[in-house]
Amino acid sequence: MEKIQQHSPLSEPVDAEFDNIRIDGCDGANRQQSVESFTGNLKYLLVGVIFGIVFVKAEIVSWFRIQEMFRFDSFHMYGVIGSAVAVGLVSIWLIKRFNIKTISGETVSIADKVFDQGQIYGGLLFGIGWAITGACPGPLFAQIGAGYLAVAVTLLSAIAGTWVYGYVRAKLPH
Amino acid sequence: MNIIELLKSPWPWYVAGPLIGLTVPVLLLLGNKSFGISSSLRHICAAVIPAGLPFFKYNWRKEAWNLFFVTGIVIGGFVGNFWLGNPDAIVVADDTRQTLSALGVTDFSGLMPADIFAVSNVFTLKGLIFLVFGGFLVGFGTRYAGGCTSGHAIMGLSNLQWPSLVATLSFMIGGFACTHLLLPFFLHFVL
């Protein structure tokens, strides 16, 4: 029920809304109860800055590194993703094990991912796009900051792709 | 080697990976936020061009943190490349370099090959394939899959979610297939 409350606009019937967010209401979701101000949100900007620096410095934003990964010519990207998952895994385990609270004192809450055929079809489509552009959504932003301004077109097209998905969503297998 | 020189040289995976992994607990503890970047694209749609579609009818302002986060990534990209930039050319694995050279890539100096990603290519066939078509698949595919490398591969796997494993494997299969079957054709065509 939490997920329903999270996004539910009053005008929409609950079932439709639930279906609407069932698939990805948990990707990047905000589960904090209290409302944050503009200045409160600046801390996420700071985390983003550090994250963006890491992306560029470890060359994760490089089209060449993604090519190496898909050609099995370098361990670099596998090392990055593997060690990131390892650290994330241990962190979440520690948070749950010791019931570590957020800085505002709330219990940490992470929504479960629900299986959906989109994870296969959409996943394959994204994989193709990843190999072509050399970027997943995060690196797109970092590449633009790093001065690869042509990538702004890629980002706009990715936004368009997201919009078209929203438009044709009901007709797609899920 | 002083600290600035050390910061300017490329960071190895065992430094970068754990730092990226730490984003997961940092976002959770700062404000109960699940790590995930592709949702920012959805929030931009919801904020700018919702067009009455139910998929974009939600309170995107509650998710505004994600837009702050990606704005930070743009700034970080700037800092990483212009203030902490690597003075030397990127070192691309020999095998990849040879394969790409044979397919017509000539510029191995930057993070992105200028042969394809130069601004002057935006309105050419290169731009249409590598920017417009590729970008569309990234946006459409991640939303259809309900997440990207951050939301599924890192956040989802860290939380032991099997649907995220399905998604991650699909990303990789799509990437392998594209790299070995489609890209040679595309590169040959435009270079």
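1. In which helix of chain A is Arg65(A) found? The model under discussion is predicted, and in it Arg65(A) belongs to helix 4 of chain A, residues 63-70. Arg65(A) counts as buried because 23 C-beta neighbours lie inside 10 Å, where 20 or more are required.

2. The surroundings of Arg65(A) deserve attention. Apart from neighbours within four places in sequence, Arg65(A) is in contact with Glu59(A), Ile60(A), His76(A) and Met77(A).

3. Glu59(A), a contact of Arg65(A), is situated in the loop between helix 3 (38-57) and helix 4 of chain A. Its backbone shows a positive phi of about 60° although Glu59(A) is not a glycine. Most residues other than glycine have a negative phi. Glu59(A) has 25 C-beta neighbours inside 10 Å and therefore counts as buried.

4. Phe72(A) occupies the loop between helix 4 and helix 5 of chain A, and its phi, near 55°, is positive in a residue other than glycine.

5. The C-alpha atoms of chain B fill a box of roughly 50 × 45 × 35 Å along the principal axes, and 54% of its 191 residues count as buried. Among contacts in chain B with a separation of 6 or more, 53% join residues 24 or more positions apart.

6. Helix 4 of chain B has 20 residues and spans 28 Å from its first C-alpha to its last, close to the expected 28 Å at 1.5 Å a residue. Because 14 of the 20 residues are buried, helix 4 of chain B is largely enclosed by the rest of the structure.

7. An unreviewed UniProt entry lists residues 12-30, 64-84, 116-141 and 162-187 of chain B under "transmembrane region". In the model, residues 64-84 of chain B are 95% helix and 0% strand, with end C-alpha atoms 29 Å apart. For residues 162-187 of chain B the figures are 100% helix, 0% strand and 35 Å between the end C-alpha atoms.

8. How many residues of chain B are in contact with chain A? There are 122 on chain B, facing 121 residues of chain A. The elements giving two or more residues to the chain B side include helix 2 (13-31), helix 7 (125-145) and helix 9 (162-190) of chain B. Helix 2 of chain B provides the largest share, 18 residues. By type, the chain B side divides into 74 nonpolar, 41 polar and seven charged residues.

9. One helix pair spans the two chains. The axes of helix 5 (residues 76-97) of chain A and helix 8 of chain B come within 7 Å and cross at roughly 35°, and this crossing is right-handed. Helix 5 of chain A contributes residues including Ile81(A), Ala84(A) and Gly88(A), while helix 8 of chain B contributes residues including Ala153(B), Met155(B) and Ser158(B). The residues of this contact divide into nine nonpolar, two polar and no charged.

Terms used: Residues numbered from 1 in each chain as written. Chains lettered and ligands numbered in written order. Predicted model: local features only at pLDDT ≥ 70, side-chain atom pairs only at ≥ 80, totals over all residues. Contact = placed C-beta atoms within 7 Å. Helix = DSSP H or I, 4+ residues; strand = E, 2+ residues; numbered from the N terminus. Nonpolar A, V, L, I, M, F, W, Y, C, P; charged D, E, K, R; others polar. Axes fitted to C-alpha atoms, helices over the stretch in contact; angles between N-to-C directions. Left-handed = near helix turned anticlockwise from the far one by under 90°. Expected span 1.5 Å × (residues − 1). Buried ≥ 20, exposed ≤ 12 C-beta atoms within 10 Å, placed from the backbone. UniProt positions renumbered as here; feature names shortened; annotations may be inferred.
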